Every structure is written in C-alpha cells, then in structure tokens.
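Please consult the sequence and the model alongside the text.

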Amino acid sequence: MGVGVKVEKLNAWYGKSQALYDITMQAQANHATALIGPSGCGKSTFVRCLNRMHETVPDARADGKVLVGDLSVYNGTTAVQIRRRIGMVFQKPNPFPTMSIYDNVAAGLKLNGFRDHHRLDEIVERSLKHAALWDEVKDTVRKKSGASLSGGQQQRLCIARALAVEPEVLLMDEPCSALDPISTGKIEELIFQLKEKYTIVIVTHNMQQASRVAEFTGFFLLGRLIEFDKTEKIFTTPSDKRTEDYITGRFG
Ligand SMILES: Nc1ncnc2c1ncn2[C@@H]1O[C@H](COP(=O)(O)OP(=O)(O)OP(=O)(O)O)[C@@H](O)[C@H]1O
Ligand SMILES: [Mg+2]
C-alpha cells in the first residue's frame with residue numbers, strides 16, 4: 001500500500017544558493033499529487049529531497065522534516081532505506097542499456113542480495129504487468145536489451161524497475177516529456193492504476209496532464225510553494241494571483 005508523505009518547512013541549498021524555502025505540504029496516500037511551475041522553480045529539487053537524492057550533489061544540503069508514513073527521511077534513517085521505500089522515475093528513460101529487460105527489472109532486488117530465482121521470475125513478471133509492458137515483451141524478456149525498446153517502452157521498463165522493489169511512494173519527474181502522445185497516454189493510464197497501490201508525486205509541465213492524473217496540485221514559483229489544493233480548484237479558481245497568471249499563460 002502507498003503511504004502519505006508529509007513535508008514540513010523543507011529548505012534546500014546548492015552551496016550558498018537557496019533553492020527551496022519553507023515548503024510545507026502533504027501528499028495523500030494512494031493519490032497522485034502533481035507539481036507544476038516554471039522552469040527553475042525547484043520542482044526537481046523538491047522531489048529529490050524526498051528520497052535524499054538531493055544530497056548526492058556536491059555541496060547540496062537540505063533541512064526540515066519529511067515523513068514517509070511514519071519513517072522520518074532526515075532523522076535516523078539511511079538514504080538506502082529511504083530509496084527502498086520511495087522509487088523514482090526520471091525525465092529521460094534510463095534503462096541499463098546492455099542488460100536484458102529481465103535483468104533491468106531484477107537489478108534492484110539482485111543488488112539487495114535477492115537470490116530466489118523462482119520468486120525473482122514472479123516479481124519480474126508482476127512488475128512488468130503493473131507497468132503495462134508485459135504483453136509487449138513477454139517473449140523476449142531475457143533476450144532483448146533495455147536499449148532495444150522504444151522510448152515509451154523504455155519508460156515503462158523504468159517504471160517496472162522502480163516497482164520491483166515494492167516502494168510505497170513513486171516519484172516521477174516529468175516522466176512523459178520525452179514521449180509521443182500515445183506513449184504518454186499509456187503512462188497516464190498507468191498512473192491511474194498505480195494509485196491503487198502507490199502514492200504518486202509527479203512533476204509535469206503539462207497542465208492537462210496534471211488535471212488528468214492528479215487529485216492534488218502544488219504550484220511552485222522561485223523556490224516557494226505558492227499554492228497547494230485540489231487539482232480542480234487550482235485549475236479553475238486558484239486563490240493566488242500568481243497561480244492564476246501561470247495557469248492562464250499570463251506568466252512572465
Ligand atoms: N546541480 C545543481 N547545482 C546547482 N544549482 C542547481 C542544481 N540543480 C538545480 N539547481 C538550481 O536550483 C534551482 C531549482 O532547479 P530545479 O532543477 O529544481 O528546477 P525545476 O523546477 O525542476 O526546473 P525544470 O522545470 O526546468 O526542470 C534552479 O535555480 C537551478 O539552477
Ligand atoms: Mg526539473
């Protein structure tokens with residue numbers, strides 16, 4: 001099952017430059033939360049703070065409180081523990097190119113010392129089914145490489161890879177920006193189904209996409225969360241003038 005994500009007064013820096021200011025919000029369990037806002041406003045930084053990827057950048061740091069269920073992300077846990085529970089899918093599909101489809105999906109489990117081959121077969125199949133890719137690859141799963149798939153298939157493979165370790169939260173940073181409309185449609189449909197099992201936080205530049213897939217939407221501007229509400233409210237009657245300007249295209 002998905003768990004909720006609760007963020008309180010999160011600040012983040014790259015060296016001396018502050019990228020996030022006092023972000024407070026909650027992503028509800030088994031729902032999708034969309035993050036929108038102009039380029040450079042801190043959306044990627046924010047999601048990377050949730051699974052402690054932010055600290056992998058030299059000189060970068062964050063403070064504040066992030067709770068994933070009852071697990072405190074910045075207090076008494078390791079980054080490895082956190083990333084086991086929070087999966088991530090990136091803007092550009094990044095499968096391991098020379099590995100087979102099977103090995104791509106199994107990679108995380110193998111890394112964690114998982115050896116039961118029969119069980120591994122089941123998990124790979126289940127993950128590929130969840131990612132709506134199984135039917136297209138079931139006959140070549142051990143033969144074809146990650147790189148031999150189309151862009152949309154590669155992105156679904158990356159989703160399967162993230163799901164294989166059974167996270168509770170799935171972070172998606174512009175997962176469709178490199179995809180054509182048909183592949184995008186498939187991923188959106190998938191997000192809809194994944195909500196039954198996972199909590200989803202998705203960064204998107206596409207406002208139609210936000211309104212199609214997410215129950216809640218947050219609008220970021222210059223490192224601040226300007227407004228957070230039900231998606232419908234954000235896109236029809238936002239409370240803040242800056243949100244309204246952005247969604248109506250009057251921004252900038
Ligand atoms: N590795 C980095 N080192 C230094 N500064 C960074 C780094 N990554 C991002 N920043 C800065 O942090 C701020 C927020 O960037 P971020 O990538 O989070 O924005 P974003 O909202 O995801 O933008 P986009 O929509 O273009 O992806 C920007 O000012 C950016 O220049
Ligand atoms: Mg970004």
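**Reading the sheet and its surroundings**

Q: Which residue in strand 9 does threonine 33 stand opposite?
A: Threonine 33 stands opposite phenylalanine 216 in strand 9. The model is predicted: local features need pLDDT of at least 70, side-chain atom pairs count only at pLDDT 80 or more, and totals for chains, interfaces and linings use all residues. Residues are numbered from 1 along each chain as its sequence is written, while chains are lettered from A and ligands numbered from 1 in the order in which they are written.

Q: In what order do the six strands of the sheet lie?
A: Strands of a sheet pair through backbone hydrogen bonds, either parallel or antiparallel. Here the order is 6-7-8-3-9-10 in an open sheet of mixed pairing (pairing requires at least two DSSP bridges between two strands; strands are DSSP runs of E, at least two residues, and helices runs of H or I, at least four, numbered from the N terminus). Strand 6 (86-89) and strand 10 (224-230) each have a single partner strand, so one side of each lacks a neighbour in the sheet. From one strand to the next, the twist averages 15 degrees (axes are lines fitted to C-alpha atoms, for helices over the stretch in contact, with angles from 0 to 180 degrees between N-to-C directions).

Q: In which sense do strand 3 and strand 10 each run with strand 9?
A: Strand 3 runs parallel to strand 9, joined by four bridges, whereas six bridges join strand 9 to strand 10 in the antiparallel sense. Within the latter pair, phenylalanine 220 stands opposite leucine 225. Two residues lie between these strands in their hairpin, where leucine 222 takes a positive phi near 50 degrees.

Q: Which residues cover the two faces of strand 9?
A: In a regular strand the side chains alternate between the two faces of the sheet. On one side of strand 9 are Phe216, Gly218 and Phe220, and on the other Thr217, Phe219 and Leu221, all buried (20 or more other C-beta atoms within 10 Å of the residue's own, C-beta atoms being placed from the backbone). Six of the six residues are buried, so strand 9 is largely enclosed by the rest of the structure.

Q: Which strands does helix 1 lie across?
A: Helix 1 (residues 43-50) lies across strand 3, strand 6, strand 7, strand 8 and strand 9, at about 155 degrees to strand 8. Helix 1 also gives the largest share of the shell around ligand 1, three residues.

Terms used: Two residues are in contact if their C-beta atoms, placed from the backbone, lie within 7 Å. A residue is buried if 20 or more other C-beta atoms lie within 10 Å of its own, exposed if 12 or fewer, and partly exposed in between; C-beta atoms are placed from the backbone.
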